[in-house]
Structures are given as C-alpha cells and as structure tokens.
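Biologist: I am new to this structure. Please take me through the terms used for it, one at a time.

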Amino acid sequence: MAPYFDIDVDIARDLVMIRMGGFFGPEAIAAFTKARNEAHARLKCGPHQHLTLNDVSGMSIQSQEMVVAFQRLLDDPTHRSRKLAFVHASTLARLQLQRAAASRDVAYFRTAKEAEAWLFGDEIVTAPTPRSAVAG
C-alpha cells in the first residue's frame, strides 16, 4: 500500500495531529519530515511544549530500514513534543513502534479518544498499553 500522511495543528491546544498509513520508503519519510517541520512552525507554544497524537492504525508493517529511519526521526531532539501518543491497530505494529520510539516516553492506545484523553490528563479513560520504556 502506498504511503500517506496527514498533519494538522490545533494551535489553541498546542496539539499536532498526525495520521499515517501504508508502507514508507526513504522519499516518503523525507516528505513526512518536511511536512512535520512545517506543522511545528505553525505552533505558538514554546519549544517542546506541544502534544502529539499520531494515528498509525493504517500503517503497514515497515521494513527494518524504515523502522531505523523512524527511530532517527523520533530521536531528533529538535522537534520533540512534551507528550506523544500513538494509536495503533495491531500488536505487531505496536512492537515496531516501541522499537522506533525506545528513547521516548510514549503511550499506545487503540482509539484516538483514549490517546487524546491521556495527552490532556483526563484520568477517566482506561489505562494505556505499556509504554516503550517497558519494552526492549
């Protein structure tokens, strides 16, 4: 499946909302990185004060090379968000995300509603799937 992504910014809530899907290659990651940087430039909050909700439920299982590329992207301290939540569809996808985001404090959810509630500190939702710090 061809890669796709959509990035929107809710400036009032300092929230970056990302939706990604398909199978990524180097060109798609470069295009995503450029779009992410442009979205971050629209934020009005201070550096690293924004929240990120990334819905990857449409992502295909990625090649090892792309997992490493996503890891580099997530390791970049320049664009690090205050909190990062992933919405995923499968356990295998979550495992790949955990490898890519091993250096980050991340939470994983099955729905965007749960992820957003966690990002904004709403304690009424069910507990998130274990964070990447628990996985190897």
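Modeller: Contact means heavy atoms within 4.5 Å. By that rule Thr52 touches residues including Leu15, Ser81, Lys83 and Leu119, leaving aside residues up to four places away in sequence. Keep in mind that this is a predicted model.

Biologist: Why is Thr52 called buried?

Modeller: Buried means under 20% relative accessible area. Thr52 has 7%, so Thr52 is buried. Thr52 lies in strand E3, residues 51-59.

Biologist: What makes the pair of Thr52 and Ser81 a polar contact?

Modeller: The limit for a pair of N or O atoms is 3.5 Å. The side chains of Thr52 and Ser81 make their polar contact at 3.4 Å.

Biologist: How do you know that Arg13 forms a salt bridge with Glu116?

Modeller: A side-chain nitrogen of Lys or Arg must be within 4 Å of a carboxyl oxygen of Asp or Glu. For Arg13 and Glu116 the closest N and O atoms are 2.7 Å apart. The two are 103 residues apart in the chain, with Arg13 in the loop between strands E1 and E2 and Glu116 in helix H4. Arg13 also meets Asp10 in a salt bridge, at 2.8 Å.

Biologist: Why does Lys34 count as exposed, while Glu38 is partly exposed?

Modeller: Exposed means over 50%, and partly exposed lies between that and the buried limit of 20%. Lys34 has 52% relative accessibility, so Lys34 counts as exposed. Glu38 has 44% and is therefore partly exposed. Both lie in helix H1, four residues apart, about one turn of the helix.

Terms used. Residues are numbered from 1 along each chain as its sequence is written. This is a predicted model: local features need pLDDT of at least 70, side-chain atom pairs count only at pLDDT 80 or more; totals for chains, interfaces and linings use all residues. Side-chain values use heavy atoms; hydrogens and water are left out. Buried means under 20% relative accessible area, exposed over 50%, partly exposed in between (1.4 Å probe, protein chains only). A polar contact is a pair of N or O atoms within 3.5 Å; within protein, one must be able to donate a hydrogen and the other to accept it, and residues adjacent in sequence count only if both atoms are side-chain atoms.
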